[in-house]
Amino acid sequence: MEKAEYQSRKQERAGETATGQNKATGTHGSITPMRTFLNAQGRICREYDAQVNVDGNTVSGRETACLTEAGHWVVYATTG
C-alpha cells in the first residue's frame, strides 16, 4: 500500500487510480490523485481520494499531501 501511495503521489495523473495490497496483513486499497497545486509556501501538493480496507472495514477520505524539501510526502489534511 505504501508503495502505491508514493507512486500515485509522485507520478499518476489526476483521475488515475493506483491500487496496492499488504500480502502479510491482507490490507488493501486505492489512491486516486485529484489535482496538483502549489501551496502558500510554494510546495508541490496533491489532493487525492484514498480508500483502505482493513479486516473487511473500508475507510475512505480525501487527503492532501505536500512534498518537503527533503523529497518526502507529508499528509497535511484529511477529510472523510
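Which hand does the disulfide of C45 and C66 have, and what is the torsion about its S-S bond? In this predicted model, that torsion comes out at about 105°, so the disulfide is right-handed. The bond joins C45 to C66 with an S to S distance of 2.0 Å, and the structure holds one disulfide in total. As for where the two cysteines sit, C45 belongs to strand β3 (residues 44-54) and C66 to strand β4 (residues 57-67), so the pair ties together parts that are 21 residues apart in sequence.

Strands β3 and β4 run antiparallel, and 10 bridges join them. One of the pairings involves R46, whose bridge partner in β4 is A65. Together β3 and β4 make a hairpin, with two residues between the strands.

The turn of that hairpin deserves a look of its own. Here D55, a residue of the loop between β3 and β4, has a positive phi of about 50° even though it is not a glycine. Why point this out? Most residues other than glycine have a negative phi. D55 is also out in the open, so to speak: its relative accessibility is 70%, so it counts as exposed.

Then there are the charged side chains. How many salt bridges does a search of the whole structure find? The count is three. Side chains of opposite charge can pair when their charged atoms come close. In one of the salt bridges, the side chain of E47 meets that of R35, with an N to O distance of 3.4 Å. E47 lies in strand β3 and R35 in strand β2 (residues 28-38), so this pair ties together parts that are 12 residues apart in sequence. The relative accessible area of E47 is 16%, which means that E47 is buried, whereas R35, with 42%, is partly exposed.

R62 has a relative accessibility of 32% and so counts as partly exposed.

R62 in turn meets D49 in a salt bridge, with 2.7 Å between N and O. D49 sits in strand β3 and R62 in strand β4, so the pair ties together parts that are 13 residues apart in sequence. At 28% relative accessibility, D49 counts as partly exposed. Put together, R35, E47, D49 and R62 are linked in a network of salt bridges.

Technical notes
Residues numbered from 1 in each chain as written. Predicted model: local features only at pLDDT ≥ 70, side-chain atom pairs only at ≥ 80, totals over all residues. Heavy atoms only, no water. Disulfide = S-S within 2.5 Å. Helix = DSSP H or I, 4+ residues; strand = E, 2+ residues; numbered from the N terminus. Buried < 20%, exposed > 50% of the residue type's maximum accessible area, 1.4 Å probe, protein only. Pairing = 2+ DSSP bridges. Salt bridge = Lys/Arg side-chain N within 4 Å of Asp/Glu carboxyl O.
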